[in-house]
Amino acid sequence: MTARGRLAALYTALVLAAGIILTCLTYLLMRRNLGRRLSLNLIGTSTVPDQASTAERQLWQLAGQLEAAAYSEFLTQALISLAVVTGLAAALGWLVAGRVLRPIRAISATAQRLSAENLSERVPVTSPADELATLAHTINGMLDRIQTGLAERDRALESQRMFTANAAHELRTPLTTMRTAIDVTLDDQPGTPELLAMTGDISAAVDQSRRILDGLLTLARSQAGPIRQHDVDLADLVSGILAGVAGETTARDLAVRRDLRPARITGELVLLERMVGNLIDNAVRYNHAGGCVEVTTGVTGGLPFACIANTGPPITSSTAEALLEPFVRGEGVRTGLGLGLSIVRGIVAAHHGTISIVARPTGGLAVTLRFPACDKINSMRR
């Protein structure tokens with residue numbers, strides 16, 4: 001039996017029970033009071049049956065018959081009325097139960113349409129805010145959490161897939177280098193100089209492999225999902241990293257121009273340090289002697305930003321955009337892994353920011369990062 005049928009049967013049973021109780025009470029009250037009201041007062045007649053005349057006894061019999069007929073007629077009409085009311089109660093109970101259960105059917109239909117690939121639909125919330133509305137809110141909240149969990153799972157799986165594919169692709173070069181160095185060196189009777197040269201080649205290949213894995217792990221971490229939140233000032237972050245590369249900028253005869261104004265964001269300090277460090281490292285490494293590195297931080301339009309620009313070899317606009325992809329290097333560039341800017345893009349995306357890269361007409365790049373304000377990014381993560 002369906003829930004609607006059970007509710008309708010319950011409503012009908014309650015109405016039937018109430019009707020039977022009401023009929024019984026009315027019948028008892030009628031028997032109690034009707035005998036007192038049916039009285040025949042005859043002048044000169046006796047109220048004692050043994051002393052009454054034949055006419056008086058006939059009158060008493062007629063009064064009893066009238067009382068019995070009244071009881072019988074009452075019971076007949078009461079039963080007919082009770083049957084009619086019970087039928088109406090059953091029909092109305094069926095309609096009312098259907099209306100009460102309509103939100104439940106909507107919830108069930110929505111749940112049947114949902115799947116792992118489609119969790120965007122939500123249960124309609126009824127008005128007023130009763131128990132069914134609370135149930136709808138609870139189910140919608142559960143669906144939100146499931147959708148968020150599946151999205152995080154998909155991001156983690158995609159990050160692992162990219163890590164595996166990229167690592168397998170990029171590690172082939174250093175592994176081939178190490179294998180070639182060993183085969184060539186051990187082909188004859190190697191002396192100490194040949195062994196030392198082989199050791200140097202293998203050491204360089206190992207260092208390259210380590211840098212590739214470090215870069216891929218950072219990139220995968222930035223794409224894996226939620227990050228820890230800390231209040232970070234980009235100006236302080238940039239200032240500290242510039243101090244760390246001061247020796248290299250001096251050795252390369254690079255001028256550093258800085259305009260560091262407060263730019264507070266919320267994010268994970270380690271990833272943000274790697275992001276700024278990669279940009280400044282690129283600005284210093286891919287520059288020319290006597291060149292310049294320009295760093296600016298601040299807030300514009302209510303959004304914190306950081307801009308790192310450098311002089312260097314000319315780069316086309318199409319090449320500049322492609323540099324954001326993993327393992328893409330600029331034309332003529334022989335050093336580096338091609339992971340620096342792709343890591344930066346992944347970290348910026350993890351912090352709900354945007355990145356724009358522009359090829360400067362005189363050579364070099366200008367990379368601008370913009371982030372939501374602290375209150376906005378906190379609300380997005382909630």
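I began with two helices and noted that helix 6 passes helix 8 in a right-handed crossing, a crossing being right-handed if the near helix is turned clockwise from the far one by less than a right angle, and left-handed if anticlockwise. The contact, which means heavy atoms within 4.5 Å, is made by L237, V238, I241 and L242 of helix 6 and by L269, L272, E273, V276, G277 and I280 of helix 8. I sorted these residues into eight nonpolar, one polar and one charged, where Ala, Val, Leu, Ile, Met, Phe, Trp, Tyr, Cys and Pro count as nonpolar, Asp, Glu, Lys and Arg as charged, and the others, Gly among them, as polar.

Before going on I wrote down the ground rules: this is a predicted model, in which local features need pLDDT of at least 70, side-chain atom pairs count only at pLDDT 80 or more, and totals for chains, interfaces and linings use all residues. Residues are numbered from 1 along each chain as its sequence is written, and side-chain values use heavy atoms, with hydrogens and water left out.

Helices (H or I, at least four residues) and strands (E, at least two) are DSSP runs, numbered from the N terminus. For helix 6 (residues 234-244) and helix 8 (residues 269-285) I found a packing angle of about 55 degrees, with the axes 10 Å apart; axes are lines fitted to C-alpha atoms, for helices over the stretch in contact, and angles run from 0 to 180 degrees between N-to-C directions.

Next I turned to the sheet, where five strands form an open sheet in the order 2-4-5-7-6 with mixed pairing; two strands pair if DSSP finds at least two bridges between them. Strand 2 (255-260) and strand 6 (354-359) are the edge strands, each pairing on one side only.

Within the sheet, I saw that strand 4 (residues 292-300) and strand 5 (residues 303-310) run antiparallel and are joined by eight bridges, and that V299 has P304 of strand 5 as its bridge partner. Helix 6 packs on the sheet, touching strand 2, strand 4 and strand 5, while helix 8 also packs there, touching strand 4, strand 5 and strand 7 (365-370).

Strand 6 and strand 7 pair in the antiparallel sense over six bridges, and T354 stands opposite R370 in strand 7.

Last, I checked pLDDT, the predictor's confidence in each residue, from 0 to 100: the protein's mean is 79, and 80% of its residues reach 70 or more.
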